[in-house]
Amino acid sequence: MSEISGGASSSARRLARRLPVVGGIAAGSVLLLAGPAFAHVTVQPGTAPKGGFATVNIKVPNERDDASTVKVEVSLPTDHPLTSVMPQPVPGWKVDVTKSKLAKPVEMEGEKVNEAPSKITWTADGKGIEPGQFQQFPLSVGQLPSDTDQLVFKALQTYDNKEVVRWIEPAKPGGPEPQNPAPVLKLTAADAQDPADGKNAKGDTTAAPASTSDTTARVLAVGGIVVGIVGVAFGVLAGRRRNA
């Protein structure tokens, strides 16, 4: 009996030593899945109603440990131009709006518009976005088009070490997310959401953007796997002790 007990105790000690390793690997998987989704330059919120005006934020996180973001350039779509783009002042940053002549004039409130904003540039007056921080740049945009389901805002992020990260890669339907995806504003049916309060016509709160929901689902799934692994391990250990 003592030999059996000794063997069980030895197995228990080996299993106990392995549990932190298994848990660490699983926890690392959670971080790997959750991290990239929060590191991209994005448009927040991710949706807005067609045909109206909306206030959105260009969210810029700092991905570097040894450099600060000092300039952000966002190119506005020219295939579906926005005739009105007004940036909100951001302390510590100066903003410049570039306008370009349209290849095809668009009608706005009964008048033909021949030019529209094509790029917005934010330049830091001070330290910029330091490591471990993010900054949001608010914009009032409109009139949002009714003949497309999304607007792509290609962005360039410049660091004080002269590195430039180009957030310009389009996402392909059904394909994997690009390494440096371009920020996208999804456009919903005009009656799906009230831009004033973020609710749809029935008064329901608008659902979170798909990318956020997917990330949460992945994190919860991996967390469940971790709990399952630990539960099985303790079950095996308890079984061995009873047999002993």
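Modeller: Let's start at P45, which sits in the loop between β1 (42–44) and β2 (47–49). Keep in mind that this is a predicted model.

Biologist: Which residue is joined to P45 by a cis peptide bond?

Modeller: Q44 is joined to P45 that way, and omega is about -10°.

Biologist: And what about the peptide bond from G142 to Q143, cis or trans?

Modeller: The bond from G142 to Q143 is cis, with omega near -15°. Q143 belongs to the loop between β8 (134–142) and β9 (150–152). Q143 also turns up in the lining of the second largest pocket, as one of the residues nearest its centre.

Biologist: Which others lie nearest the centre of that second largest pocket?

Modeller: H80, P81, V106 and P145 do, along with Q143. The lining has 15 residues in total, and they divide into 6 nonpolar, 5 polar and 4 charged. The space in the second largest pocket is about 320 Å³.

Biologist: Back up a bit. How many helices and strands are in the chain?

Modeller: The chain has 2 helices and 12 strands. Of the 244 residues, 33% count as buried.

Biologist: What share of the contacts with a separation of 6 or more comes from residues 24 or more positions apart?

Modeller: Those account for 71%. The accessible surface of the chain is about 14,600 Å², with 55% of that belonging to carbon and sulfur atoms.

Biologist: Next, Q157. Where is it, and is it buried or exposed?

Modeller: Q157 is in strand β10 (residues 154–159). Q157 counts as buried because its relative accessibility is 1%, and the cut-off for buried is under 20%.

Biologist: What does the side chain of Q157 pair with?

Modeller: A polar atom of the Q157 side chain lies 2.9 Å from the backbone oxygen of P61. The side chains of Q157 and Y159 are joined by a polar contact of 3.3 Å. Leaving out residues up to four places away in sequence, Q157 touches several others, among them V41, T69, K71, V165 and W167.

Biologist: Last one, K162. What is its phi?

Modeller: Phi is positive at K162, about 80°, although K162 is not a glycine. K162 lies in the loop between β10 and β11 (164–167).

Biologist: Why does K162 count as exposed?

Modeller: Because its relative accessibility is 71%, and exposed means over 50%.

Technical notes
Residues are numbered from 1 along each chain as its sequence is written. This is a predicted model: local features need pLDDT of at least 70, side-chain atom pairs count only at pLDDT 80 or more; totals for chains, interfaces and linings use all residues. Side-chain values use heavy atoms; hydrogens and water are left out. On a 1 Å grid over the protein atoms alone, a cavity is a set of points where a 1.4 Å probe fits but cannot get out, and a pocket is an open set with protein on both sides within 12 Å along at least five of seven lines; lining residues have an atom within 4 Å of a point. Grid points are joined across faces, edges and corners, and a volume is the space filled by probe spheres set on the points. Ala, Val, Leu, Ile, Met, Phe, Trp, Tyr, Cys and Pro count as nonpolar, Asp, Glu, Lys and Arg as charged, and the others, Gly among them, as polar. Helices (H or I, at least four residues) and strands (E, at least two) are DSSP runs, numbered from the N terminus. Buried means under 20% relative accessible area, exposed over 50%, partly exposed in between (1.4 Å probe, protein chains only). A polar contact is a pair of N or O atoms within 3.5 Å; within protein, one must be able to donate a hydrogen and the other to accept it, and residues adjacent in sequence count only if both atoms are side-chain atoms. Contact means heavy atoms within 4.5 Å. Accessible areas come from the Shrake-Rupley method with a 1.4 Å probe; for residues, only the protein chains shown count as cover.
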